[in-house]
Amino acid sequence: MSALRFPLRRLALGVEAVGIVAMFSSFLASGGKVALVWAAAALLALAAALGAAGRRREMPAFWLWYVSLLVYAFLYVPLVIVVIFSFNDSKLNAEWVGFTIVWYQRLFADEDMLRAALNSVSIACVAAAIATVLGTMAGLSMHRFKPKLLPFLVFTPVAMPEILLGVSLLIFFLNTVSPALGALGIDFGLGLTTVVIAHITFCIGFVAIIVRARLAGMDESIFEAARDLGATPWQTFRLVTLPLILPGVIAGALMAFTLSIDDFVITFFTSGVGTKTLPLEIYTMIKVAVTPEVNAISALLMALTLAMIVAASKLAPDLMQAKA
Amino acid sequence: MRSNRALKWLVGGPPFVFLVVFFLLPALIMVVASLRYPGDFGGLAPLFATRPGEEAGLTVESYQVFFSDWVYLEIFAKSFGVAALTTFVCLVMAYPLAALIARSPKRYRDLMVLLVVLPFASNFLVRVYAWMIMLGPFELLFSRFAVICGMVYVHLPFMILPLYTNLEKHDPTLLDAAQDLGAGAWQRFWRVTFPLSLPGIFSGAALVFIPVLGMFAIPEILGGKDDWIVGNMIKESFLGTRDWPFGSMLSLMLTIAVLAVAGAASWLAARGMRRA
């Protein structure tokens, strides 16, 4: 924004603020239809301001700004409305009645919800830790030894529709592992363990991709130098390789954690009856009865993810590059 | 040389073994499961008969059912239709935004990309739920339209990012040259920018098309019963009717469809690259 001349920047931001406030207030007041007109008008004005400012500085044309702002609005408006209605004093997500935090209070009094949250966090911690170790090993191995089969095993679970991994693990756990362990006298069913294993399976690939990308940009001669100076492979790894790839490893771990805590499809098939995670609870709530409690948990999850992204960008500044 | 080989197994071995056991083996078991009889109370019938007259062993029954009734092939066709429409809408929405980011001054680009990825960081179900609330007041819920809205919303970043990565690499002097040679804005786009962006389009299309095929939550939550696609059938076979062989067969069909789409996309992308 700072590239725009000062008054124009003021104007653009002012139009934006007025437009957004007008849009949401009219959406709440009218049930939505007038809001679309308001939104289009506000975005048109903003695009005009940005386009006019850009003419002098070889910025993209007005219509490109307009369409792009519409797409940005498409990305953000639904989520903002979810957050707004989480504070609405009405059981229906249709009209603004008044401000309340009762949905949040009800959420924190809900024991099933708290247990699900605890499950989600513990699954994500364990799965991310193991997936980070295995994924880093896979990334190192693919970079250094160029194995033939490993890339296929690592990347296919990432590229396939999630449902395929979910149902194949469901069959595997219930039809193969459970009878086999049952013959040994061990009782094995779907639960926390199976969910953790399933999450590790699809997280390994993401960690490996990030670690390998980090290694790809590196000067091989550093590792050769370490070897020439008499370092054992373990010493080379601990003193040279690991410190260099650490930002990638941290980025991979955070990615694995987010993927695990957010996962719905694979958890749905591998969790069995008793084990619930937050996404599974949300799914049940959406299917059974939609109340603003869903909005409240959604808003809290958004805040958590946002906090994690901010923390990640502080911890590992090149995380964003690795992700993109 | 020998210690090198030991090192290779020490580093690559654990993830290799883990993925063979928990990815490759289950996939192979699923292929076999598609050839078995359904169990009396759901699941799979035993491979070897334990009592006389019991259905056991291998059969192609599931495949016969699939190919003898048009209903299943129609659902596959519908899934491809939904996936194609979603991909097209994503492309139309993503192109201007990707182009804008690629043409913006360098120091804003990271921020603009972050703004694309940020809503994507909220939970998948939350994003689907947001469309329930958005479309509810307009009485558009439980329709094909709602399903496409949800699908596009969830998959849009997968189209924007590869397109942006491609468009960012374009050499602006090509457009200047085209302009000097008398090409208008329209011609410059269709004869220079668009052909050059084909690899980005195809990789983005594959990233959108493939997950849409296996989706079951969006049609279930936002759509009506007519909007069910392959993913819903698979889920229903495993958790509803509990006919595992049929579900495994459907999953296998989906895998073949996915491989075909991925193959086609990479072939087209390579061809586009050669021509450009």
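A crossing is left-handed if the near helix is turned anticlockwise from the far one by less than a right angle, and right-handed if clockwise. The model is predicted: local features need pLDDT of at least 70, side-chain atom pairs count only at pLDDT 80 or more, and totals for chains, interfaces and linings use all residues. Residues are numbered from 1 along each chain as its sequence is written, while chains are lettered from A and ligands numbered from 1 in the order in which they are written.

**View 1. Helices α5 and α6 of chain B cross in a right-handed sense.** Helix α5 (residues 124-135) of chain B packs on helix α6 (residues 144-168) of chain B at about 140 degrees, with the axes 10 Å apart. Axes are lines fitted to C-alpha atoms, for helices over the stretch in contact, and angles run from 0 to 180 degrees between N-to-C directions. The pair α5(B) and α6(B) is therefore oblique (under 35 degrees is roughly parallel, over 145 roughly antiparallel, 65 to 115 roughly perpendicular, the rest oblique). On α5(B), the contact uses F124(B), R127(B), V128(B), W131(B) and L135(B). On α6(B), A146(B), C149(B), G150(B), Y153(B) and V154(B) take part. Contact means C-beta atoms, placed from the backbone, within 7 Å. By class, these residues are eight nonpolar, one polar and one charged. Ala, Val, Leu, Ile, Met, Phe, Trp, Tyr, Cys and Pro count as nonpolar, Asp, Glu, Lys and Arg as charged, and the others, Gly among them, as polar.

**View 2. Helices α8 and α10 of chain A also make a right-handed crossing.** Helix α8 (residues 192-216) of chain A and helix α10 (residues 233-262) of chain A cross at roughly 155 degrees, and their axes come within 9 Å. α8(A) and α10(A) are therefore roughly antiparallel. Contact residues of α8(A) include H199(A), F206(A) and R214(A). Those of α10(A) include P247(A), G252(A) and M255(A). The contact has 13 nonpolar, four polar and one charged residues.

**View 3. Chain A has 14 helices and zero strands.** Of the 324 residues in chain A, 44% are buried (20 or more other C-beta atoms within 10 Å of the residue's own, all placed from the backbone). Among contacts with a separation of 6 or more in chain A, 72% join residues 24 or more positions apart.

**View 4. Chain B meets chain A through 70 residues of chain B and 63 residues of chain A.** Helix α1 (residues 2-33) of chain B gives the largest share of the chain B side, 19 residues. That side divides into 55 nonpolar, twelve polar and three charged residues.

Technical notes
Contact = placed C-beta atoms within 7 Å. Helix = DSSP H or I, 4+ residues; strand = E, 2+ residues; numbered from the N terminus. Buried ≥ 20, exposed ≤ 12 C-beta atoms within 10 Å, placed from the backbone.
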